[in-house]
Amino acid sequence: MSEPTRTGVPDPVLPGADGPVGDAEPEQGFLRELSQFFIVPSLIVLLCVGVFIMFGLLSSENKSARDFLQEVRTRRGGDRWQAAFELSRAIGKQPERGADPRLMADIISALHQEGREDPQVRKYLIIALERLGSPEGGPAIIEALGDSDPEVRLHAARALGTLGDVAGAAGPLTGLLDDEDPAIRKVAIHALGRTHDPAAIPALLPLLEDPAEEIRWNAALALAVLGDGSGVGVISRMIDRSHLDKVEGITEDQKVSAMVNGIQAIYLLKDASFSARLRELGEKDPSLNVREIALKAAESLGPR
């Protein structure tokens, strides 16, 4: 498969995976964060990694997050967005640097002031709010969903997916489901599942019939997180190797990720009708990862 693009089949993000399986003690590698198993565009990760490599050496380890925020306020042009990047990086590397109780409010102020003319500044300030990890930054991030710059919208949606349970996020996120950028649509679907708000369900249901396979997958997974089994038909195809083999451009790793995600959705829904299929996967699938997770999910569902 060629280099991932924002319009092609994305490289699925494998979930972390510790979690309960029946009454057994949680085991490493299974269901760590069930609500984070979405298939989202790898370009987001690639862009962030690339920028970190490019500018990692610019960071001074002796500077605090507030020092970088001050530079956002005083620098100009490219120096300003680089300062915003360094701020987000400092918070990400050493969260204790964000312990300043006023830091979030001041970042939001900078987002509205110094970020007005530069989408790069806005993007990295949104990432900084995401990395602070508090839903208190939610209103400012929700506002950024309407930004004129697609990268800002994408990162705002991703931030809401990371924070989860941000009050009032579901409605604005549904506004991105018609975005012309498919990457933004996929991340918005992921974030809607993470809101755990049943109000998102009506907006997700039509996406089960979307022409794009990855949109259908994400919608089915989001609905499963929300406790809605309407996407079981899509999920059934996600764990069907014969179907995945027909998906143009998909890699073996992506097939495995799709199957793992589908199995985890079945686990979430407690759908015992899949028990026999999961046991078959657990015995015959060529992927050890799929076999292990399928067997554990089947055991949790019981015989059928």
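Mentor: Happy to. Let's start with a term we will need: a residue is buried when its relative accessible area is under 20%, exposed when it is over 50%, and partly exposed in between, using a 1.4 Å probe and protein chains only. Please keep in mind that this is a predicted model, so local features need pLDDT of at least 70 and side-chain atom pairs count only at pLDDT 80 or more, while totals for chains, interfaces and linings use all residues. Residues are numbered from 1 along each chain as its sequence is written, and side-chain values use heavy atoms, without hydrogens or water.

Now to the rings. A pair of aromatic rings is described by the distance of the centres and the angle of the planes. Rings of Phe, Tyr and Trp (the six-membered ring of Trp) pair if their centres lie within 6.5 Å; planes under 30 degrees apart are stacked, over 60 edge-to-face, and the rest tilted. Searching the whole structure gives two aromatic pairs. In one of them, W81 and Y124 have ring centres 5.9 Å apart and planes at 15°, so this pair is stacked. Because W81 lies in helix α3 (residues 77–93) and Y124 in helix α5 (residues 119–132), the pair ties together parts 43 residues apart in sequence. Helices here are DSSP runs of H or I with at least four residues, strands are runs of E with at least two, and both are numbered from the N terminus. W81 is buried at a relative accessible area of 16%, and Y124 is buried too, at 5%.

Y124 also pairs with F85: their ring centres are 5.5 Å apart and the planes stand at 80°, so this pair is edge-to-face. F85 lies in helix α3 and Y124 in helix α5, so this pair joins parts that are 39 residues apart in sequence. F85 is buried, with a relative accessible area of 0%. Taken together, ring pairs link W81, F85 and Y124 into a cluster.

Next, the setting of that cluster. The chain has 16 helices and zero strands, and 56% of its 304 residues count as buried. In soluble globular proteins, nonpolar side chains tend to be buried together. A nonpolar core is a set of buried Ala, Val, Leu, Ile, Met, Phe, Trp, Tyr and Cys residues joined through side-chain atoms within 4.5 Å. The largest such core has 86 residues, of which L87, I107, L160, L204, I263 and L278 touch the most other members. Helix α11 gives the largest share of this core, eight residues. Setting aside neighbours within four places in sequence, L204 contacts I189, L192, A219, A222, L223 and L226, where a contact means heavy atoms within 4.5 Å.

Finally, one charged pair. A salt bridge puts a side-chain nitrogen of Lys or Arg within 4 Å of a carboxyl oxygen of Asp or Glu, and the structure holds 16 of them. In one of these, D106 meets R73, with the closest N and O atoms 3.9 Å apart. This pair links distant parts of the chain, D106 being in helix α4 (residues 103–112) and R73 in helix α2 (residues 65–74), 33 residues apart. D106 is buried at 12% relative accessibility, whereas R73 is partly exposed at 26%.
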